[in-house]
Amino acid sequence: MKPKHVVVIGSGSAIGQAVAEKLAVHQITVSGISRTPVQSHSSFAHAHAVDYATADWLGLFQQLQSASGLPIDAVLHAPGYAAIGPALTIPESEARQMLEVNFWLLSNVARAAATHWSSQKQAGHFWAVLSIAALRGIPEESYYCAAKAAAARFLECLDLENRQAGRHFNYFCPGKFASPFRSKSARFGQGASEDSGGSTVDFVARKISSAILSQKPVKVIGWRENAIALADRLFPHLYDRLVLDRRVKPPTQS
Ligand SMILES: NC(=O)c1ccc[n+]([C@@H]2O[C@H](COP(=O)([O-])OP(=O)(O)OC[C@H]3O[C@@H](n4cnc5c(N)ncnc54)[C@H](OP(=O)(O)O)[C@@H]3O)[C@@H](O)[C@H]2O)c1
């Protein structure tokens, strides 16, 4: 059944806003929660700015349900943070921040959603925006990959524990797309030789909103990312040898 009320965490993010717009077109009530106040955005029926570090997620879900008069059918979780650079150049404070945002924040929100739906004896779908980095190692993205992979495994467990009660926990793995995300990332070391290209926010938002509307999970988003995931299954290390090894400067001989 099509959801009637979707809560977007990270409603100030490029992807959160684009998905909200697409859901609103389908007459879905979208409530937004953001870290920094979001300027009024017609796609959000209700919007709250909260301090993620101290937020009472369960209380917020109950508040949004009362404010809208509608049960929460789905939650989209979008926040993420990356610091880019060789693993040995990443300061511990940055590494911890990546785990804090990409894993701990997500797991706190997912737990609250599970608790909310369980206490209301209600079904629900939790969707997280992770990354292809959740599925494989990428040079200069070590802690980001580790945090997104931890989030993926956590959601898989939560899903297995809840799915028979109709409460589902899924995640999306897009590759690079053109949002402010990468330009906002902290950079360390000599700077990566990044490959160009990537998808548009609109393309990724379309895939995500279709999955939310149809309640049909899609894990990997993008033809290139699907090709990488397939190659990793059929020919382990091929993508590493053909593409990723070229991004890493070989050690200089003394
Ligand atoms: N763009 C890409 O190439 C790409 C590729 C794969 C996956 N992703 C994932 O897509 C998601 C959305 O990113 P986006 O591309 O839409 O970029 P974005 O517009 O920069 O959004 C990033 C989101 O993360 C929040 N955030 C950033 N740093 C944070 C921190 N230290 N603590 C708490 N929240 C923080 C931001 O909150 P504020 O709005 O308050 O700053 C915002 O909601 C992220 O989870 C990212 O990992 C992005």
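**Ligand shell, sheet and helix packing**

By class, the shell around the ligand holds 12 nonpolar, 9 polar and 4 charged residues. The model is predicted. The shell comprises 25 residues, of which Gly12, Ser13, Gly80, Ser179 and Phe181 come nearest to the ligand. Three helices each supply at least two shell residues: α1 (14–25), α3 (92–119) and α5 (181–184). The most is given by α5, with 3 residues.

The strands were examined next. An open sheet is built from 7 strands. Their order is β3-β2-β1-β4-β6-β7-β9, and the pairing is parallel. The edges are formed by β3 (46–49) and β9 (220–221), each of which pairs on one side only. Within the sheet, β1 (residues 5–9) and β4 (residues 74–77) run parallel and are joined by 4 bridges.

One partner is α4 (residues 142–162), with the two axes 8 Å apart and at an angle of about 15°. That angle is under 35 degrees, so α3 is roughly parallel to α4. The crossing of α3 and α4 is right-handed. On the α3 side, the contact is made by Ala95, Met98, Leu99, Asn102, Phe103, Leu106, Ser107, Ala110 and Ala114. On the α4 side, the residues are Tyr143, Tyr144, Ala147, Lys148, Ala150, Ala151, Phe154, Leu155, Leu158 and Asn162. This contact of α3 with α4 divides into 15 nonpolar, 3 polar and 1 charged residue.

A further partner of α3 is helix α2 (residues 57–68). The axes of α2 and α3 come within 8 Å and cross at roughly 55°. This angle makes α2 oblique to α3. The crossing is right-handed. From α2, the residues in contact are Trp57, Leu58, Phe61 and Gln62. They meet Asn108, Val109, Ala112, Ala113, Thr115 and His116 in α3. By class, the contact of α2 with α3 has 6 nonpolar and 4 polar residues, and no charged ones.

The remaining helix pair considered here is α1 and α6 (residues 201–214). Their axes lie 9 Å apart, at an angle of about 55°. The two helices are therefore oblique to each other. Again the crossing is right-handed. Helix α1 contributes Ala14, Ile15, Ala18, Val19, Lys22 and Leu23 to the contact. Facing them in α6 are Val201, Asp202, Val204, Ala205, Arg206, Ile208, Ser209 and Ile212. The residues of the contact of α1 with α6 divide into 10 nonpolar, 1 polar and 3 charged.

Two of these helices link the packing to the ligand. Helix α1 meets α6 and supplies at least two residues of the shell around the ligand. Helix α3 likewise supplies at least two shell residues.

Key:
Residues are numbered from 1 along each chain as its sequence is written. This is a predicted model: local features need pLDDT of at least 70, side-chain atom pairs count only at pLDDT 80 or more; totals for chains, interfaces and linings use all residues. A residue is near a molecule or strand if its C-beta atom, placed from the backbone, lies within 6 Å of it. Ala, Val, Leu, Ile, Met, Phe, Trp, Tyr, Cys and Pro count as nonpolar, Asp, Glu, Lys and Arg as charged, and the others, Gly among them, as polar. Axes are lines fitted to C-alpha atoms, for helices over the stretch in contact, and angles run from 0 to 180 degrees between N-to-C directions. Angles under 35 degrees count as roughly parallel, over 145 as roughly antiparallel, 65 to 115 as roughly perpendicular and the rest as oblique. A crossing is left-handed if the near helix is turned anticlockwise from the far one by less than a right angle, and right-handed if clockwise. Two residues are in contact if their C-beta atoms, placed from the backbone, lie within 7 Å. Two strands pair if DSSP finds at least two bridges between them.
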